[in-house]
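Please work through the exercises below with the structure open beside you, and try each task before reading its solution.

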Amino acid sequence: MAGGVVLVSSSIVRPVRSSQSDRTKIHLTPFDLSLLQFDYPQRGLLFSKPDSDFHLISRLKDSLSLALEIYFPFAGRLVKTENLEDDTVSFFIDCDGSGARFLHAEATSVSVSDFLQPDGSVPDFMKYFFPADDFKSCDGVSVPLLAIQVTEMTDGVFISFCYNHMVADGVSMWSFFHTWSKICSSGSGFNHKPLVLKGWFLEGIDYPIHIPVSETERSPPSRELSSVPITKEWIFHFSKKNIIDLKAKANSEVASSDMEVSSLQVVSAHMWRSIIRHSGVSRERETHCKIVVDLRQRVNPPLEKDCFGNMVYLTSAITTVEELLDRGLGEAALQIRKLVSSQTNDTCKRLAEDWFRNVKNLKSGIGSKVGDTIVVASSPRFDVYNKDFGWGKPIAIRAGPSNSISGKLSLFQGINEGSIDIQATLWEDVIVKLLADVEFLEHVTTA
Ligand SMILES: *[C@@H]1O[C@H](CO)[C@@H](O)[C@H](O)[C@H]1NC(C)=O
């Protein structure tokens, strides 16, 4: 490690009792497998420092072991099998109780105030506060599906994690994290209802799915492509008032439509237009706004609302740069709104079938690297500030550097009710221009 972060210990934490007798296999859907070349998402929560008699590390590890007993898929491994008859491979998750990685680190010269820069910038050293910054989903055959890093600072502690996105999505990850924090704060396990796995819900598609070997060869990490300019990260804050104003503006611009746009849609639209305005992409080119869709309640029959697994996929609102900029905020937000409401049972199932019939382009990962795309990841709907491990609630949330393309936005609940924080990964010159853009800053602050 570097950036003032020193590794103290690295260990594997296993579920308390892992029963090998009913070893579950999780079969992977097109929605899972399309993420084969995605980096493990990384998130972390900043806390003040507990008293030393809290026994932070041992309590976190003991409670993690209990939490992994409930959330056993995180303790499993990805298994790859070769299909010699057609030169393809298949994957499944073997819930074998192998365990999760637990890193304990120290950054004795870093304080909470170094972390939370008043100008909204994200310090470079932060990347060392996250575990495993180069794992891709397909690496899950040899590395854990979940890694945790606990970094003790002078006056704070950062608890971060990364996970294989084929095992879980944000909904499942945060519910695991919540359970872990509750076990840790209460000092014991509790009667958690058994995990409901998603099961196989794609009639007409046989598992395991066959994937051409060439699509599973590891693509280089996006950050190491030398042709791509350096990205920087910045925190943008939308207050409740900013969001109300933006919504009013958007809804008045498209008053003829009977659809109201949501906070999330209008904030995404504002970021999309503002970033693309400064992206240098020519006006006749296409631009994409990729959003995450949860299919649990969209498929018919619906899946259980909080069932465990990865039940999301990315879909794109597409327009030209010219149209995006000329038509205004309301149209952009409405386009996102319409995209979301068009994701029905048929759309989801057809998407899965098309993917299944023609597996390709896995290596492109999260998306275009030419600055014409924004990816709206994470969600302000995840309750992150109620995660209390026993000495108080988090102070801030951050995303790690994985899946970094210019245009990656991680949306989080803000600390004040009704507000939204965005951690944006952008080329440096785009950030400089955004920070000087009066129209953009009318509805955003950076601290
Ligand atoms: C859901 O979509 C699939 C695929 O288009 C279709 O076969 C199925 O009948 C749909 N289910 C319902 C209940 O509409």
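The exercises that follow concern a predicted model, and they treat a pair of helices and then a sheet.

**Exercise 1.** Determine how helix H6 and helix H7 are oriented to each other, and which residues make the contact between them.

*Solution.* Begin with the axes: helix H6, residues 240–253, and helix H7, residues 263–277, pack at an angle of about 85 degrees, and their axes are 9 Å apart. Because angles of 65 to 115 degrees count as roughly perpendicular, H6 is roughly perpendicular to H7. Next, look for the residues in contact, which on the side of H6 are Ile 243, Leu 246, Lys 247 and Ala 250, while H7 contributes Ser 263, Val 266, Val 267 and His 270. Sorted by class, this contact of H6 with H7 has five nonpolar, two polar and one charged residues.

**Exercise 2.** Find the order of the strands in the open sheet of six strands, and name its edge strands.

*Solution.* The order of the strands is S10-S16-S15-S13-S11-S12, and the pairing is mixed. At the edges are strand S10 (231–238) and strand S12 (312–320), each of which pairs on one side only. From one strand to the next, the twist averages 20 degrees.

Terms used. Residues numbered from 1 in each chain as written. Predicted model: local features only at pLDDT ≥ 70, side-chain atom pairs only at ≥ 80, totals over all residues. Heavy atoms only, no water. Axes fitted to C-alpha atoms, helices over the stretch in contact; angles between N-to-C directions. Helix = DSSP H or I, 4+ residues; strand = E, 2+ residues; numbered from the N terminus. Parallel < 35°, antiparallel > 145°, perpendicular 65-115°, else oblique. Contact = heavy atoms within 4.5 Å. Nonpolar A, V, L, I, M, F, W, Y, C, P; charged D, E, K, R; others polar. Pairing = 2+ DSSP bridges.
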